[in-house]
Amino acid sequence: MRRTRWILALLALSILLVACSKSAPQNTMNPKGPTAQTEKNLLVLVLWPAAAVFVIVEGGILLISIRFRHRKDRDRMPPQIHGNTRLEIGWTIAPAIVLAVIMVPTVSTIWQLARQPADAMQITVEGYQWWWGFRYTDPDMTVSYGDHDAIVTADVMVIPAGRTIDLSLTSLGGGAHSTSGVPDHEVIHSFWAPQLFGKQDVIPGETNHIVFSADEPGVYWGQCAEFCGLQHGKMKFRISALDEADWQRWVANQKDPAVKPTVGAAQQGMDLFFGTNGVGGQCIQCHGVGGTAASSTAAPNLTHFAATTHECFAGCDFQVFNPDGTPNVEALKAWLRDPNAVKLGAKMPDYGLTEQQIDTLVAYLYSLK
Amino acid sequence: MATAATVPARTGIIRRPTEVTGWWSWFTTVDHKKIGLLYGFSAFAFFLIGGVEALLIRSQLAKPDNTLLNADQYNQIFTMHGITMIFLFVMPMSAAFFNYLIPLMIGARDVAFPRLNAFSFWVFILGGLFLYSSWFLGGAPNGGWFGYPPNSTTDPSIGMTFYALGLVITGIASSAGAINLAVTVVNMRAPGMTLFRMPVFVWMGLTVQFLLVFALPIITVALFEMLFDRRWGTHFFDPTAGGQPLLWQNLFWLFGHPEVYILILPAFGIISEILPVFSRKPLFGYQFVVFSGIAIGFIGFGVWAHHMFAVGLGPVANTAFGITTAIIAVPTGIKIFNWMGTMYKGDIHFDSPMLFAVGAVAMFVIGGLSGVTHAVVPSDYQQTDTYYIVAHFHYVLFGGAVFGLFGAMYYWWPKAFARQLNELWGKVQFWILLVGFNLTFGPMHILGLGGMIRREYTYPASLGLTFWNQVSTVGAFLIALSTLVFILNAAATQRKPKGLANEDPWDARTLEWSTPCPPPIYNFEEIPVVHSIDEFWHRKYVEDKEGRLVRVPAGASDHPADGHEEGHVIHLPSPSFWPLVAAVGLPVMAYGVLYSWWLVGAGALVTVVGFMGWAMEPPVAE
């Protein structure tokens, strides 16, 4: 019996550790929005009968093992019991009842989570190998220039805290398809931000939905949960929930076209980026920059690459800014030097840039506020 | 008594082999016991390889941002770990016990089709070697054992083509084996061995063979479609050309969930044999254990979409499969309670087999309970594809199946080798394994709920999950240590001289123990006549007037002892080359699909020649 108590204590302790661990940014037991909260509540609800069954069965096995273990002084055979129909019926029906009871809230929650409120804010999530694109398809979320297309971001989804969001999940190719014209690398991903919502798969040719909201402003972690190839482990994203004032500021900034630096290294970087002087220009084959000729959607949109301090790039493998707010220049340089060296299999080619060219590109990218 | 005659027969160019001893006899044997041992040794070798892969995975995950393995290596290793443990270890290890024991338990001399049995084994081992040759031919499969397209069909490396071909080959082995064993159980039972006098292990064996026969064609279709997509540019799963990626998932799991029961039901059978023997009581509720096993087999075909709750099948499908998943917990619970009932009021001897069997029940219960939380669909949206799932199915398949298989090894070792594994080291192994197993997979529940996804080759320290990953890695090395203890125990045991003081060391209940250890090639001198469940037990014990069991004095049994009349001939099939020849053609054809049509032709020719020789040779050498 001491061992049972010990196991139970350990179990309780570990559940407690998970539940209380504030430092785990993907902790499903520490939900920050109603969808994740609903899902957690259901798990906790089931854990009680599960714990009871655990104690009864494991305790029973232990007790029987101790109580009826062979003793030296015992030389008679035990009673030869072949079964008991009443008991059999009992332990068939009892678990069935427990399970039926569990299934009632389960089924109602399945339907509750499948509901898509009409007034929810619409965002389309696009899964690429191996990064995420976000397209803000609400009518008031269009840019102020060009054809007034939807605002797009990469790797960071920004939302207003408290608003209900309806995500449409789509899988798109990425990488080579921009040049060949044929979409490829359309694979299955799964979109998951543990503290905000459970996952839904992102499937080529299908559109799945997630409805959620974030209770408080903050940065929430997420990542692809369905194996999607080489860098599946580093296909991450952030959801940044802003309060109303910050949200309005962010939207206004996103509606503006990209900054066009006119002096110094940043301008030289821009020229290299677009190939203005006959040198460079490879970047715009895949990357889009709002308000310019660069309109490809094959790679992350860079219009507001350095707009906020929580931006990240390359599937959120790298942060644009250090925790103290200074530019994380070294990570970006390493990436431009040879993407494959820092992220094996990355679809961005190594263009053999010189250190000087890399410096100017870094300056340009950080000017994209 | 006699075995086959010794005059060599000529069929075509090759002399029909007659040797039943010596190293060459292992290549030509059609004896179910030898084939069982071949299955066992091969499967155990793959267990060690799969275990090394597991240690590499755990070493890579022992610290954040580790660079021991890169993403490419990691993806190949976790894929091969899954394929190896499922298709090359647990399935063939179960086949080993079925092969060795089913004929002995039902009082038969061999399986129904001895040469087909040899063919199954050779196809399995060659399929396994074919899969592993991919490491040297451009890279192992890297799309997971579940191989979801379009990722698996568009991946540029050759690995997933090996996957499709290799699993078709091992599937042929399993199908042939399944038909063979099912026919054996249905047709070859000794007089009086009615279906409801069969040991539960045989019942579970029969159920598994039917599951295989119905589930394998489904995966075979899917694998051929994948092969065509990869090799010849069809578009079964290609969404850009009107294909349907979810078609694979439905086919795969319609096979894959019954597969789970293919892996666990043999262990349920083993547990149902061991618990009564070591509790000195008959199995509690025999019919309920049998029927719940069959029910699990049936319902197992109706729960596949619970692997797909996050796929977006819609609330109707998720509701339906959530409910069926909950339902399958009921027959599983019945088994657990009956096992507890078997031990209750028993006289429990905790020898090694019993320790592993009780351990299997205790660990399986944990996996079963976490399984119920998956039936709660919205909660599964959070848990699916996380380490919580990894924890769950390792509690079921390692805690249940592998503990059970180790128990079986300890239990039937004296039967097969006429030597008994050291009890002390058996207990040492059990306790190290129990601790190591729980340290490895227990923390994975926490990792999964803490937000760690499956199949990621590394994780950042900022995820806050480093500690439990380290605990898990320590546990994995303890499992390795326990396996080492087992190997040393087995090696030391085999160095001892053959021979048991007691040919019935556990005071067992079933017919295989009525034969000598190891059983002669013909199993039974006289086919036994069966009068009850636990036939062998009832030959040893009768109830006295007060209903207590008393041992029958030797020679006083009312059952006639097995005959000892000299001189009558037992016809046994002679050894044969042809199953091996026919099997060799299959991987050759598979390599041909990868490299050259000429090889396909050559392989097909070899297989056809093999089948021809097989068909033309007489049943016994004349």
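Helix α9 of chain A covers residues 355-367, 13 residues in total. At 1.5 Å a residue it should span 18 Å, and its end C-alpha atoms are 18 Å apart, so expectation and model agree. The model is a predicted one. Several residues of α9(A) are buried: Ile358(A), Thr360(A), Leu361(A), Val362(A), Tyr364(A), Leu365(A) and Tyr366(A). What covers them includes two other helices of chain A, α6 (264-274) and α7 (329-337).

| Helix | Residues | Number of residues | End-to-end C-alpha distance | Expected span |
|---|---|---|---|---|
| α6(B) | 159-187 | 29 residues | 42 Å | 42 Å |

Is α6(B) largely enclosed or largely open? It is largely enclosed by the rest of the structure, because 22 of its 29 residues are buried.

**Chain A as a whole**

Chain A has nine helices and 12 strands. Its C-alpha trace spans about 100 × 50 × 40 Å along the principal axes. A compact globule of 369 residues would have a radius of gyration near 21 Å, whereas chain A has 27 Å. Of its 369 residues, 44% count as buried.

**Strands of chain A**

Strands of a sheet pair through backbone hydrogen bonds, either parallel or antiparallel. One open sheet of chain A has three strands in the order β4-β10-β9, with mixed pairing. Strand β4(A) runs parallel to β10(A) (residues 236-242), and five bridges join the two. Within β10(A), Ile239(A) stands opposite Met157(A).

Strand β6(A) covers residues 189-193 and is mostly covered, with five of its five residues buried. His189(A), Phe191(A) and Ala193(A) point one way from the strand, while Ser190(A) and Trp192(A) point the other way. Which strand pairs with β6(A) in the antiparallel sense over four bridges? That partner is β7(A), residues 197-202. A hairpin of three residues joins β6(A) to β7(A). One bridge pair here is Ser190(A) with Asp201(A), the latter in β7(A).

**Where the chains meet**

The contact between the chains takes 82 residues from chain A and 76 residues from chain B. On the side of chain B, the elements that give two or more residues include α3 (71-105), α8 (245-279), α11 (352-375) and α14 (423-449). Which element of chain B gives the most? It is α10(B), with 15 residues. By class, this side of chain B has 42 nonpolar, 24 polar and 10 charged residues.

**A lysine in chain B**

Lys427(B) sits in helix α14 of chain B. It counts as partly exposed because it has 14 C-beta neighbours inside 10 Å. Leaving out residues up to four places away in sequence, Lys427(B) touches Ser352(B) and Leu355(B). The C-alpha atoms of Lys427(B) and Asp351(B) are separated by 7.8 Å, though the two are 76 residues apart along the chain.

Key:
Residues numbered from 1 in each chain as written. Chains lettered and ligands numbered in written order. Predicted model: local features only at pLDDT ≥ 70, side-chain atom pairs only at ≥ 80, totals over all residues. Rg over C-alpha atoms; globule rule 2.2 N^0.38 Å. Buried ≥ 20, exposed ≤ 12 C-beta atoms within 10 Å, placed from the backbone. Contact = placed C-beta atoms within 7 Å. Nonpolar A, V, L, I, M, F, W, Y, C, P; charged D, E, K, R; others polar. Expected span 1.5 Å × (residues − 1). Pairing = 2+ DSSP bridges.
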